[in-house]
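Look at the sequence and the structure below. The report that follows takes up a sheet, a core and a pair of helices.

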Amino acid sequence: MTLTYILIFTVVALFLGLVLRDRWRVYLLMGISALAVYLLQPALPIRSLDFWLSTITLLLTVLGWILTTPSDKLRERNNLVALAILVSIVVFADLTRYLGLGWTLSATLPPKLEMLMIFLALAVLFLGATAYFKRLSPILFLASGIVMLLGIFIILKVPSLATAVSGVIRYALGRSSANAAATDLRWLGFSYIAFRLLHTIRDRQTGRLPVVSLPEYVTYVIFFPALTAGPIDRIERFIQDLRRRPILLSAEDLSNAGKRLMVGLFKKFVLADSLAIIALNNVNALQTRTAGWMWVLLYAYTFQILFDFSGYTDIAIGIGGFLGFRLPENFTNPYLKPNLTQFWNSWHMTLTQWFRSYFFNPVTRFLRSGKHRLPIPAIIFITQLGTMLLIGLWHGITWNFVLWGLWHGIGLFVQNRWSEFLRPRLAGLENRRGLNFFLTALSIFLTFQYVALGWVWFALPTPGLSWQVLLKLLGMAQ
Amino acid sequence: MTSSATGSSRLINPYLVLVKGLILFIFINLICISIYIPYGKLSLYNFLLPGRERFPFAEEVPEKIYNLTTTNLDVMFSSHIISSPKSKDEYRVVLLGDSSVWGASLHPEDTLAGQLDDANLKSCDGRKVHVYNLGYPRNSITKDALILNEAMRYKPDLIVWITTLGSLTPDRRLDHPIVQSNPSRLYELSHKYNLEFDFSTINFNHASFLDRTVFGFRRDISDWARLQLYGVLWAATGIDQVYRNSFKVYSLPELIDDISYFDWQPPAFDPRLLSLDVLEAGMEIAGKTPVILVNEPILIISGQKNSDLRYDSSYPRWVYDQYRQIMNVESKENEWHYIDLWDLVPSTDFWGDTDMHLMPAGEARFVEELIPYIRFAPCP
């Protein structure tokens, strides 16, 4: 998100937060969020693909709502109105091509209207058929939804698959497949959108999902302040903010939101963007001559990724605050935690909570309830390693993200066992404040170092290069 | 959304915050307008980071070469290693000149200054000779004079000023980014040494009212900050430009038969057209510090079509010959220590892929020639 967009969104949010307090608020939030999907999607080398990806985002969101909403609620008036608004926005985004507004909403020229009409007709047929046939087997349809989302997710995250799909699209458009690249499919915010959709589908499967209207659902999935970089809110919490009437923003609410926005802007555009200049990357990793400077570059990366990510979260929380939303926290001083467990409870918290809810806890329950129960350490090892591997793969399906996940999974397991080992031995030391302070400081330092070294896997593209950098950091490179 | 913790916290009026912020913004800008803040003198170089071995200059994107172009003399000097303190046993030699001195495509240690510095010379009084590269791309004698004027603050013991005909021509009198970006220093130079510049011919980058606000020089501040950050990568990697590790031997161009030089026609040009007054001013700026004025080597093409008319793609023979003659006469008259090394490196084997820049081996030839002059330079 550029500064210009943040400014636009801030003004829009302030206006909506201060002026709109009636039932139209949800429609407006949905409409603006839908427009933001087009506005924020970056240009792609394949003609009009940015437009199509934005449109498919909306299609998937409506599909997610149809899958998770009881059939008897689908045709309620407010849902039909919301659907009409969404279709109008899609058509308007396309009409900019003819209104001389070509690139104002989408990054490149939208497709011809007849193409969109064919697409919309097929989409309506598809959604209608889904709504009709899901009555026959809701479980099967919900499972299909999960499979489909994971399928798209895997395609986007595996570079070779993304390149292959790009090649197919290029071929279909009569262009050379030779120039296909994984970056051709840079789908704005899909990782977050997919995980919100998966959360609602899974909660529907387990019966925890409340009934929400289409405008509420769409607003939750593509809420514009959190579209690009989260946080991944829970719908149950989100709709509480959305449904609250009347929304009275106090001066303190506004000033807190403003403060949060300013802190976010400073973190992202001053700290993170400055550190990005000197942060470790695949080019300077090979050029750096000494271990000392390599550490400097690694620490720069370590803080750059924190300020970048937490800055965006602050911006989202700030803009959300102007609208009367309290988006969840994502980062709470993660580099000041004395162990890896606490680090992961304060780093990208909403993503961690997601995996805890939908992988760690169910798998732990399963392993503990089976006939042949595994020993506790084995269960901890399997669940922590599995969770961290999945968190790694969420960032991209590459060996380096696998290794980063393993690094943290093993670290968490070792720390868990070490803590278990130490607990009885440190039991009598609670009153020794000096020693406790020293141990806490040492733990924070060691945890930070471990996390920082882990970023070597995350920041670089290949295991070989990461290994070279690790050796250099430890003064063992040739 | 209602405030949950309003009981204990002070109620903040956002409009008041906006007004206060605006007042503070205006106040800071007014300070900036009324007081010259020499932010360029602040630097992490030579303090937390090693100083650069040549002035910041970028022909490539900064992200690739960890360098960027600045024409702010304060920033240039504060990032340069010459700003580090001078020790008692140091004999400080500064080299002035254009891209051939700056060292286009060369590693810092392969430049003229780098190779001279690596020669571990001792001065006549036994001090260790340190040679500093104060070259800056594109020749302009006025640019050299401005740099020299600043360099005097760093107490050089010897100045080696490398020039060529192209530095002294009228078009290069004011047409250089450093000259145009530093109008106040140019006015000062002009006033102090009675230099007549035609200020009306050039659009100097005068600072308007808006330019003097924080908003106005945000780009300069951003460049300054980025240069500090690139200093980390310069320190980590030693990279400050795209280096050419292998050089193709210069392939000779076809020489044109045009023997005019700008609008000068043979058989002779008016010597007053050369910026010798700026050269004289430079000598005055140097004061008692000895100056060695060097006519830099050029590639002499022979046996080619029109090589009887031209030495290279830049210089017709008649112009260059007369320039050398004038320089010899002027040097004698003014008692300048002048060395004419124009034909020192005639072979194409020593030239890189242009007829202006020497390869490391060519620089080595140049170094060999200069060493005795530096070694036996008078002690101040």
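## The sheet in chain B

In what order do the strands of the open sheet of chain B stand? This is a predicted model, and in it the 5 strands have the order β2-β1-β3-β4-β5, with parallel pairing. The edges are taken by β2 (128–133) and β5 (337–340) of chain B; each has a single partner strand, so one side of each is left without a neighbour in the sheet. From one strand to the next, the twist averages 20°.

Strand β1 (residues 90–96) of chain B runs parallel to β2(B) and is joined to it by 6 bridges. Within this pair, Tyr91(B) of chain B stands opposite Val129(B) in β2(B). Helix α13 (residues 360–375) of chain B lies across β1, β2, β3 (158–163), β4 (291–295) and β5 of chain B, and runs at about 145° to β3(B).

## The nonpolar core

The largest nonpolar core has 196 residues. Among those with the most contacts inside it are Val218(A), Ile222(A) and Leu297(A), and also Val93(B), Leu96(B) and Val160(B). Helix α13 (residues 291–322) of chain A gives the largest share of this core, 15 residues.

Beyond its neighbours within four places in sequence, Leu96(B) is in contact with several residues, including Val101(B), Leu134(B), Ile147(B), Ile159(B) and Trp161(B).

## Two crossing helices in chain A

Helix α2 (residues 24–40) and helix α3 (residues 49–68) of chain A cross at roughly 150°, and their axes come within 8 Å. The crossing of α2(A) and α3(A) is right-handed.

Where they meet, α2(A) has Ala34(A), Val37(A) and Tyr38(A), while α3(A) has Ser54(A), Thr57(A) and Leu58(A). By class, this contact has 4 nonpolar, 2 polar and no charged residues.

How values were computed: Residues numbered from 1 in each chain as written. Chains lettered and ligands numbered in written order. Predicted model: local features only at pLDDT ≥ 70, side-chain atom pairs only at ≥ 80, totals over all residues. Pairing = 2+ DSSP bridges. Helix = DSSP H or I, 4+ residues; strand = E, 2+ residues; numbered from the N terminus. Axes fitted to C-alpha atoms, helices over the stretch in contact; angles between N-to-C directions. Contact = placed C-beta atoms within 7 Å. Core = buried A, V, L, I, M, F, W, Y, C linked by C-beta atoms within 7 Å. Buried ≥ 20, exposed ≤ 12 C-beta atoms within 10 Å, placed from the backbone. Left-handed = near helix turned anticlockwise from the far one by under 90°. Nonpolar A, V, L, I, M, F, W, Y, C, P; charged D, E, K, R; others polar.
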